[in-house]
Amino acid sequence: MAMPLLEAQNVSRHFGGLAAVDQVDLAVDEGEILGLIGPNGAGKSTLLNLIDGTLRVSAGRIMFRGHDITRYPPHRRAHLGIGRVFQKNALFKSMTALENVLAGSYLHTEHGPWAVIGRSYQRVRKRQDLIDRSMELLGFVGLADQADELCTNLPHGSQRELCVAVALASDPTLLLLDEPLTGMNAEETTSMIDIIKKLNSLRGTTVIVVEHNVRAVLGLCATSIVLNYGQKLVEGTPHACVADPAVIEAYLGADSDVV
Amino acid sequence: MTKSGVGKIVLWVAIAVVAFLMPQILSGNQYWLTVLCLLAINVLLVSSLRSVTLINEISLGQVGFAIIGAFTYATLMMKGGFSFWPAVIVSGLFSAFVALLLAYPFLKVKGIYFSILTLLVAETFRLVAFYWNSLTGGPLGLTGVPGPGTQNLPILGEIDLDRPYNFYYIAVAVVLVAMLILYYVERAYISFQWRAIRDDNTLAGAVGINVIGYKMVNFVLAAFMAGISGALFAGYQHNLSADATSRFGVTMSIYLLVYMVVGGKSYFVGPLVGTTVLTLLAENTRSMQEYQPMITGAIAIVVMLFMPAGLVGIPAQIQKWRRRGRSGPAAPVSGSGVVVAGSASDEAVALAHDEQANG
């Protein structure tokens, strides 16, 4: 059996007495799109934070391509190929769309101690190959014509697309998407789903997506995991998950609650 | 563009010539030369403070690193038998080393917590200096700290560099070199990383930037510059005191902050302008000494309310107003006025970016 790309073994995260994530096992194979669903407060975002290193695990291990990355800080995980799109529109606020992607391309540029001090900022920024590559990424998410726009001036949907482009700039093998569709209208939703499908099929990026929009998850993912109260409730195809009585109970409550 | 570039060069050359001839202009007036030496030393200290703002932190501890630099210099000169230049450099390096030890825990916290930590550690350094009798002279401080002394220079021959007339050149030269280093670093690729960290440090980490590492480089460099400025101060004043009312007290930290904000913290020359203006103002109002803090405070308030970009930001702001004034009446439809205003402010933003990029 091939080794999974990412494997979370029995990971837990406690905040005081609360187990936000409680002994969850998770495995993603290369090229897969995994959906994480669950009611509010189920621990989905916390689980993503544990995977990308924003939070440290309280217990358990995280393996990425066979490396134990449990104690790695976020930037070392990024080096190994884990990219992240945050739930809020996390962008480099003072920069244009293009500059955002250039800043995201950090790992793609020379960044040794001599390179960062010896080279001028403007010269790195004006390197044609880097600009071409960034423009290509902006084109990929459909923002090529807004490259010189200050990122905070972009509408919400475009900002989220830009977040994806910034994350892709580091060439991740695994991309963690935290609620990419929140606050989007129907059109923006469709285009974002297209982008996710495209980056999976064309670039071969493995994706873990946390999403509330169950219909989108049904369309996107081959496998999904339902979390509730920090624990894994069900794992399987999205359709099977949604039909599972335990999941229905988690979302809507049991029959007994109604009576 | 090239026209303003030439203008800029002419301006800088003029400033350099005036700065060079200053002792002659003042015809060796000791008092004003002292003011200018201290001004140069303060400019470096304020610049080091501004350098930390590049990672979106406010350090209230630059005086702490200055005091380390000052007493290290004094100890090296009085007990270590060092000569002037090595002592200055080693003092800066020692400050940087202390900063390196503190950097990791300090930079793990952000915003006001970082400011409080730096403020307290600076005060701690001052108190240590104040009570460590055997090394720093305790409450009495140190007297007779040697300066550069009489040196035999090529061409100029034997020169007593301790005289304010000559020390002025040393202070200006050291500060100039230090500022050039800061300027260079701010143009280097590393500063793009600092900017990314300043904008959003979680995202910076997620794209692979070693956030804490880059922040530490910034903090240590700023401490080095603060240490150098402290050493220069010790070499100039010849006596050092770690009293609360000395230049190493908390009040000084606040003044440094005011100098920076009044000058314009997003501009490289902001500290230079802010420190110069407020220092000269303080000197000219010396007759009303008890009101000086109020005057400085009032100016700071006025600047912050009406010129949030600081004194250096005034030309850009005037340009913005002029542009708005020109395009305002010409707007054909009343509704488009908003659009015009919007685009003008965009241009101003772009302009500010340019200014930042070009210095």
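# Contacts, domains and helices

User: How many residues does the contact take from chain B and from chain A?
Analyst: This is a predicted model: local features need pLDDT of at least 70, side-chain atom pairs count only at pLDDT 80 or more, and totals for chains, interfaces and linings use all residues. Residues are numbered from 1 along each chain as its sequence is written, while chains are lettered from A and ligands numbered from 1 in the order in which they are written. Two residues are in contact if their C-beta atoms, placed from the backbone, lie within 7 Å. The contact takes 23 residues from chain B and 30 residues from chain A.

User: Which helix gives the most to the side of chain B that touches chain A?
Analyst: Helices (H or I, at least four residues) and strands (E, at least two) are DSSP runs, numbered from the N terminus. In chain B, α7 (164-187), α8 (189-199), α9 (201-206) and α15 (336-358) each supply at least two residues of this side. With eight residues, the most comes from α8(B).

User: What distance separates the centres of domain 1 and domain 2 of chain A?
Analyst: Domain bounds come from an automatic or database domain assignment. Domain 1 of chain A covers 1-81 + 174-191 + 205-259, and domain 2 covers 88-171. Taken over C-alpha atoms, their centres are separated by 27 Å.

User: How many residues does the contact between these domains take from domain 2 of chain A?
Analyst: Domain 1 of chain A gives eight residues. On that side, α2 (74-80) and α8 (186-201) of chain A each supply at least two. From domain 2 of chain A, the contact takes seven.

User: How is α11(B) oriented to α12(B)?
Analyst: Axes are lines fitted to C-alpha atoms, for helices over the stretch in contact, and angles run from 0 to 180 degrees between N-to-C directions. The axes of α11 (250-263) and α12 (270-284) of chain B come within 7 Å and cross at roughly 110°. Angles under 35 degrees count as roughly parallel, over 145 as roughly antiparallel, 65 to 115 as roughly perpendicular and the rest as oblique. That makes the two helices roughly perpendicular.

User: Is the crossing of α3(B) and α10(B) left-handed or right-handed?
Analyst: The axes of α3 (62-78) and α10 (211-237) of chain B come within 6 Å and cross at roughly 50°. The two helices are therefore oblique to each other. A crossing is left-handed if the near helix is turned anticlockwise from the far one by less than a right angle, and right-handed if clockwise. This crossing is right-handed.

User: How many residues of helix α1 of chain A are buried?
Analyst: A residue is buried if 20 or more other C-beta atoms lie within 10 Å of its own, exposed if 12 or fewer, and partly exposed in between; C-beta atoms are placed from the backbone. Helix α1 (44-52) of chain A is mostly covered. Its buried residues include Lys44(A) and Asp52(A).

User: Is Leu140(B) buried or exposed?
Analyst: Leu140(B) lies in the loop between α6 (133-136) and β1 (150-153) of chain B. With 11 C-beta neighbours inside 10 Å, Leu140(B) counts as exposed.
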